[in-house]
Amino acid sequence: MSRAFSLPDARGHFGPYGGRFVPETLMHPLQELTAAYLAAREDPDFHRELHELLRTYVGRPTPLFFARRLTEHLGGAKIYLKREDLCHTGAHKINNALGQALLAKRMGKTRVIAETGAGQHGVATATACALLGLQCVIYMGTEDMRRQALNVFRMQLLGAEVRGVDAGSRTLKEAISEALRDWVTYVETTYYLLGSVLGPHPYPMIVRDFQSLIGRETREQILECAGRLPDVLIACVGGGSNALGLFFDFLAEPQVRMIGVEAGGCGHTLGEHAARFAGGRPGVLHGTYTYVLQDEDGQIALTHSVAAGLDYAAVGPEHAYWRDRGRIEYVSVSDQEALEAFHLLARTEGILPALESAHALAYVCRLAPTMRRDQILIVNLSGRGDKDVQTVADRFHPEGMPSP
Amino acid sequence: MSRLRERLQALRRTGRKGFIPYLMAGDPDLETTARLIRALEAAGADVLELGVPFSDPIADGPILQRAAERALRRGTRLRDCLDIVADVRRHSEIPIVLFSYLNPLLQFGLERLAREMAVVGIDGVLTTDLVPEEAEEFRQVMRAQGIETIFLVAPTSTDERIAEIARSASGFIYVVSRTGVTGTREQLSETMRPTVERVRRHTDLPIAVGFGISRPEHVREIWHYADAAVVGSALVQEIERHAAEPDLVKRVARFARWLKSGATEIPN
């Protein structure tokens, strides 16, 4: 599968997916960005600077932690957690935000804009901009601002301006639309720092590349502690950057099974979930051709998930490609299962996971007991759950559990 | 030859310039859209752009975003846009261009769409988020049914891109007057004229200019450099303001006449 490394093609296609479906105004800026990124990618100085920041500022490499009590509780495969929640700012998003902020600086841009759903990418971008002295504007749906209020305040403390977007479902989809409108207007001075493997080429490639160190570290770490590759990798998939970040380095290893977990929300009807591979079909949203939740007229559907970072109608185009090829499997879990997994990890391992990552854990709860005890399962714990404490508290009344 | 080409060539032959209003289909309702098309034709529209509402219009400012929301709330579908044109064609030969985002067209099916456009009498299609690089199949399918494929040029387009767009386009070239989204503006952008001049060096196709065109003096200035002016948001704002009034159609037609006239005050 050396093909993995030749993707996307020069125009940003992953098989039939990806590409650039944008207003003409953005085409030349996207071409400039592609050229600047490809030059940076070949530049040892760029890598040295980024690597040094990842090591001394982000705290990489993040540990690979053997979850002994969770493993015993589920009674099957050995479960390891890739601890991206221990990154500075509390999620994997900082890996990409720093990489792109350095790129923005290299391109001479003075203003950075970004969208955010759960607020983790917004916080990471605000952090990178503070560190590098760049002006920062974050677009966020007002519904997400309500449920992730802590992250809104964090961004403001970091010197970013948070602009609420009060349209549609007031979540990530509308935040991306508004960020694109900003970019198309102030394109000369502004760098759009997209947070997932979404949008027009070259973003799906750039974000994947900056996140793929998650998988490279994981490979080294599991070889060191277990002496062999894992049997299964599991990660949640909103846009899909933490999942591709973990999976990418293993795509050429046919014995490693990979599973992406989408948000099953609170039901199977359009509008009640964000399971694009279960309920969507190929279409164009926000500059890329991929699986999209939509009605029969091609109007983009509203979505729901308890996890703001998974609450989006489209999935990264590279995921669509690997799904069609059968290389990566996709499943979904419900809000309720994710909340239960949140509590389980808290009580067995003393870790509050982000509700996004709790989706991956929820599927671990289903799969691990069906696996042999000598098998290895690695889950990307992509973010920490501090931001979700209020959401969980509001829904914390399952029987048999003590009140907080 | 398409109605569109014929009309634009006739304008050029007689030394006149074009006025191209934009309407969002289904705003405020389909029946009114059909009446507005005919009223705008009577008010001097040379070509009509008919907008297909889309849930996530990334290239549009607040006025056209709200218009799309209103149209979608009323259940307007691409099928309805085709039906309106079929209805208008019983009385009118005004060239009509479908103005849309790509996804609703893709989901309808491009071949089916091209056939139905030809049947109802739509002359061209402009897709906001489709650039020539991604449009090869789209162009072939549309051209096979005689539908003109119009593409945008922006102030950020390089000469290389303009050359490629000119090769891909038919009917006319739509120059975006400024970077940014659709909307009303007090002043024309300074980038408009140099962009038009750069396009002119690459093509003999007619050039229309749009985005931010809100006043008669804007229309007149564009007419100095280009073949036609497109007015969208300013007209849709007029519809939004007076949607509930019984003389809506008359008011919009009067507004269009004012835009085309070059007068400084809206006539009573």
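The following conversation concerns a predicted model with a contact between chain A and chain B.

Visitor: What should I know about the model before we start?
Guide: It is predicted, so local features need pLDDT of at least 70 and side-chain atom pairs count only at pLDDT 80 or more, while totals for chains, interfaces and linings use all residues. Residues are numbered from 1 along each chain as its sequence is written, chains are lettered from A and ligands numbered from 1 in the order in which they are written, and side-chain values use heavy atoms, without hydrogens and water.

Visitor: How many residues does each chain bring to the contact?
Guide: Chain A gives 36 residues and chain B gives 34 residues, where contact means heavy atoms within 4.5 Å.

Visitor: What area is buried between chain A and chain B?
Guide: About 2,900 Å² is buried, with 50% from carbon and sulfur atoms. Buried area is the accessible area (1.4 Å probe) that two parts lose on being put together, summed over both. A:E24, A:R181 and A:Q299 supply 24% of the area that chain A buries against chain B, more than any other three residues.

Visitor: How many salt bridges cross the interface?
Guide: The rule finds four salt bridges, each a side-chain nitrogen of Lys or Arg within 4 Å of a carboxyl oxygen of Asp or Glu.

Visitor: Which residue forms a salt bridge with B:R77?
Guide: A:E296 does, with the closest N and O atoms 3.6 Å apart.

Visitor: Changing topic, which residues of helix α4 of chain B are buried?
Guide: In α4 (residues 78-88), they are B:L78, B:D80, B:C81, B:L82, B:I84, B:V85 and B:V88. Buried means under 20% relative accessible area (1.4 Å probe, protein chains only), and helices are DSSP runs (H or I, at least four residues) numbered from the N terminus.

Methods:
Buried means under 20% relative accessible area, exposed over 50%, partly exposed in between (1.4 Å probe, protein chains only). Helices (H or I, at least four residues) and strands (E, at least two) are DSSP runs, numbered from the N terminus.
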